Amino acid sequence: MNLAGLSWWQTLLLTPGMLVMDWLARTWPLVVIRHDFGFSVQSYLFWSAVISALFWTIVVCLAAVAWRRFWRWFRYG
C-alpha cells in the first residue's frame, strides 16, 4: 500500500484514507473509475489526506474526551 516517495510515517498517517479509497474503488468502480481512467496519483493522495485528516481528528478528539473523563474520575472519584 506504500506509494512511491512516501516515508513510513506519511504512509501511516494516510493509511485510513487509502483504505477507504481502495474500498470505494472495489465497491463502486464506476463511481471511482470513469471512462477507463482512474484517479491520478495527486487526486488519490488528496482525497486520502482529506479522509485521513477527518479520521485522525476524530481519534484525537475521542482520546481527549476519554483522557478528560479518566482524569476527572481519578481526581474526584
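This is a predicted model: local features need pLDDT of at least 70, side-chain atom pairs count only at pLDDT 80 or more; totals for chains, interfaces and linings use all residues.

Which residues make up the largest nonpolar core? I find five residues in all: Leu 6, Leu 14, Met 18, Met 21 and Tyr 44. Helix α1 (residues 8-27) gives the most to this core, three residues.

Numbering runs from 1 along each chain as its sequence is written, and side-chain values use heavy atoms, with hydrogens and water left out.

Terms, jotted once. A nonpolar core is a set of buried Ala, Val, Leu, Ile, Met, Phe, Trp, Tyr and Cys residues joined through side-chain atoms within 4.5 Å. Helices are DSSP runs (H or I, at least four residues), numbered from the N terminus.

Next I checked Ser 52, in helix α3 (residues 41-76). Ser 52 counts as buried because its relative accessibility is 3% (buried is under 20%, exposed over 50%, partly exposed in between, 1.4 Å probe, protein chains only). Skipping neighbours within four places in sequence, I see Ser 52 in contact (heavy atoms within 4.5 Å) with Leu 13, Leu 14, Thr 15, Pro 16 and Gly 17.

Then I looked at Val 59, also placed in helix α3. Buried or partly exposed? Val 59 is at 33% relative accessibility, so I log it as partly exposed.

Terms used: Helices (H or I, at least four residues) and strands (E, at least two) are DSSP runs, numbered from the N terminus.
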